[in-house]
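Please study the sequence and the three-dimensional structure shown below before reading on.

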Amino acid sequence: MTTSIMIVGVGGQGTLLAGRILGNAAIARGYDVKMSEVHGMSQRGGSVVTCVRYGEKVYSPVIAEGGADVILAFEQLEAYRYLNYLKKGGGMLMNTRAIDPMPVITGVAEYPGDIPGKIKNAGARVVAADAFAAAVEAGSAKAVNVVLIGLLAAETEIPKDVWMNAVEQTVPPKFLEINKKAFDLGYHLR
Amino acid sequence: MKKFMLGNEAVARGAYEAGVSVVSSYPGTPSTEITETIAKHYDEIYSEWAPNEKVALEVAIGASFAGARAMSCMKHVGLNVAADPLFTASYTGVNGGLVVCVADDQGMHSSQNEQDSRLTAIAAKVPMLEPADSAECKAYVKRAYELSEQYDTPVLLRLSTRISHSQSLVESEERVTPPRGAYVKDAAKYVMMPAMAMKRRHYVEKRLDDMRAFAEDCEFNRIERNSAEVGVIAAGIAYQYAKEVFPDASFLKIGMIHPLPSDLIRQFAASVKKVYVVEELDPVIENHCKVLGIEVIGKEIFPNIGEFNAAQLQRAVYGGAVDSYRIEEPIPGRPPVMCAGCPHRGTFYVLKKLGLVVSGDIGCYTLGALPPTASMDVCVCMGASVGMAHGMEKAGGEIFTKKTVAVIGDSTFIHSGVTGLINMAYNKGGGTVIVLDNSITGMTGHQDNPLTGLTIKGEPTRSVDLVKLCEAIGIERVVVADPFDLDGFERVVREETASDAPSVIIARRPCALLKNVKYGGAFAVNNACKNCKACMKLGCPAISAKAGGVAIDAAQCNGCGLCTRVCKFGAIGGAEA
Ligand SMILES: Cc1ncc(C[n+]2csc(CCOP(=O)(O)OP(=O)(O)O)c2C)c(N)n1
């Protein structure tokens, strides 16, 4: 059995780091792991996707439509955009932050309202949380991605201490205390 | 212990373990991290950013001739630039091993076109290996050096976005530096002029024959026996997708994409009832099979455009639709944008205002083609803006002679814009070239270049003096201007486009993401705002028009203050305002 987790967001939000923490946690559990990242053009504020897949033996590093067990969305509109990648019965974990894309800024498109509600209505399981507030509570607005990793951790069968180790491995030591707190707040956010 | 590595990091590790001594490259997504990793982690290897891929490959060829193992890395379009040295290095062969890494970009995640570098390998008559994960990236690089030396040939390593930018587990080994090849003066091998080249031409064909024989029985091509009903031939990332879609099939996994193993393919095809060839882009393996008279299923069901994924292959083979959650509401796109504080924003705001024809180029500033500035008319390949602007002018007509500018980034100008400028000066053009000097190669993630004064290792070095360079070319009108001084910049552009003489405007302001660039705190809109939306014309991601008026998102604003200069009502002030 391969577990497929997709992390989506806006370029610059720190989705890459979150993916690496998840990758390290899965490796520590002894899984074969593959992860696909996006570098380059779309990191300039575009829509970005990181795929992490782990299990006994993983082939494709990329998750296809209808293939994600869990989607972790750093931004509402991106949660909405990638909903069709969620497996039937999978979980959509989303940050309630909204970042206007350029077509909305220039007024040619409208930012859809009540996205969590619409995703629920489409039949998916949704956990929507204000990761920004939790990050501020932990001591830094920049820790949003680690709050979200905490939210994701509670959804997986990888034990909490394995996750904690992965966080320690990946974040700079200077910010470790804040990030540990952020992870913990995220873990209990639902 | 196994480590989690990007394909690109694994290639770098392979170069290190293979005892490579010289790496010269030009950045290009998705190839960039190979050379960055080498510069950062492997001090035993001399590494550098060259001004373009042609120079990079020539440096690597020289190092190989001198007897060292050498590497050059680039993206697919970079190999077009380096094609000239590659095609003749195929004749000379090598002394120390020479590996050229080329990363294709199926799906055009970060490229202006989609092309299949396997065809370049065939045309240049050099062998090409194609790894399918990070562990193979490392192993193939090491073997590539042995093959290069054994068969006296450059070897191409084909990567792609999903191989270069995927992480998987890799076992590290020690570095082994092979004895350096002795330098022997040998004009018949290394001086390619007609009489010598004709002899080497014959050698190239013989080498291909030898490598064909090698391909039949090498570790790169392997058969994975399973059901005899269905056989799949695949290579690289497509192999990984196919393994998910055909769990019971037998596989012929190809790791050496050129030359292909004809007998092995025949034998494999004969052992199964039905053969699928699963390959992205062009039907290279498929056509080879067809030439051998083997019936295969390929491009009639699998697309030759874009990248594959497992769900799409599943549909192509078995039909049916993927069961997933559907949304009917249209979802606004999220195209990439110039960052908050980007110096290019000032330039494009002015170009839009003046309504000029803008001959564009490739870099972060290509985003100036998108709304709301939408002020780039054409963009083809790196360096083309200058030549195209000159061509437009020579084609004649009022708008092209007086209202056309070329816009080109600093790294791109050095890459191949400077030759266009020489042409413009030499052939009596009167165009205006705006060099967007943001002190870095931005698009590919901040690489130093000959204008920044630093090497790939961050050491101080000589830097090109752009003003003097332009003057030396024969451009008498060279102006340095700040693109955030909107009025001053507009005046300069008006003056230079009005002049009959060729001119260069150096738009100088550093990239907002550079560490040493520090603006003040975020700005905010105060109640003097008349909601005229003049600031919205900048297309800054931090500024949006909400129901209650225009607002600045403090989390995104970096305090560059450009918006304060377009606001006629003084309605944008410091955060405390
Ligand atoms: C032949 C070729 N090599 C490399 C690339 C990848 N690439 C695209 S833009 C760019 C450099 C952009 O730097 P610069 O001109 O300084 O503009 P900036 O992005 O900093 O605005 C590179 C290396 C390419 N498209 N074509």
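This is a predicted model: local features need pLDDT of at least 70, side-chain atom pairs count only at pLDDT 80 or more; totals for chains, interfaces and linings use all residues.

Colleague: How is α15(B) oriented relative to α20(B)?

Modeller: Two packed helices are described by the angle between their axes and the distance between the axes. Here the axes of helix α15 (residues 344–354) and helix α20 (residues 486–498), both of chain B, come within 10 Å and cross at roughly 55°. Angles under 35 degrees count as roughly parallel and 65 to 115 as roughly perpendicular. The crossing of roughly 55° therefore makes α15(B) relative to α20(B) oblique.

Colleague: How many residues of the contact of α15(B) with α20(B) are nonpolar?

Modeller: On the side of α15(B), the contact is made by B:G346, B:T347, B:Y349, B:V350, B:L351, B:K353 and B:L354. From α20(B) come B:L486, B:F489, B:E490, B:V493 and B:R494. In this contact two residues are polar and three are charged, while the number of nonpolar residues is seven.

Colleague: How is α3(B) oriented relative to α5(B)?

Modeller: The axes of helix α3 (residues 53–65) and helix α5 (residues 83–92) of chain B come within 9 Å, crossing at roughly 20°. Their crossing is left-handed. Because angles under 35 degrees count in this way, α3(B) is, relative to α5(B), roughly parallel.

Colleague: Which residues of α5(B) meet α3(B)?

Modeller: The contact divides into six nonpolar residues, one polar and three charged. In α3(B), the residues involved are B:K54, B:L57, B:E58, B:I61 and B:F65. Their partners in α5(B) are B:D84, B:P85, B:L86, B:A89 and B:T92.

Colleague: Which residue has a polar side-chain atom 2.6 Å from an oxygen atom of the ligand?

Modeller: There are 26 residues around the ligand, and B:E53, B:H344, B:D410, B:T412 and B:G442 come nearest. The polar side-chain atom at 2.6 Å belongs to B:T412.

Colleague: Where does B:P30 lie, and what kind of peptide bond joins B:T29 and B:P30?

Modeller: Most peptide bonds are trans. B:P30 is found in the loop between β2 (22–25) and α2 (32–41) of chain B. With omega about 10°, the bond joining B:T29 and B:P30 is cis.

Colleague: What is the phi of B:K125?

Modeller: Most residues other than glycine have a negative phi. B:K125 sits in the loop between α6 (118–124) and β6 (128–129) of chain B. This residue is not glycine, yet its phi is positive, near 60°.

Technical notes:
Residues are numbered from 1 along each chain as its sequence is written. Chains are lettered from A and ligands numbered from 1 in the order in which they are written. Side-chain values use heavy atoms; hydrogens and water are left out. Axes are lines fitted to C-alpha atoms, for helices over the stretch in contact, and angles run from 0 to 180 degrees between N-to-C directions. Helices (H or I, at least four residues) and strands (E, at least two) are DSSP runs, numbered from the N terminus. Angles under 35 degrees count as roughly parallel, over 145 as roughly antiparallel, 65 to 115 as roughly perpendicular and the rest as oblique. Contact means heavy atoms within 4.5 Å. Ala, Val, Leu, Ile, Met, Phe, Trp, Tyr, Cys and Pro count as nonpolar, Asp, Glu, Lys and Arg as charged, and the others, Gly among them, as polar. A residue is near a molecule or strand if one of its heavy atoms lies within 4 Å of it. A polar contact is a pair of N or O atoms within 3.5 Å; within protein, one must be able to donate a hydrogen and the other to accept it, and residues adjacent in sequence count only if both atoms are side-chain atoms. A crossing is left-handed if the near helix is turned anticlockwise from the far one by less than a right angle, and right-handed if clockwise.
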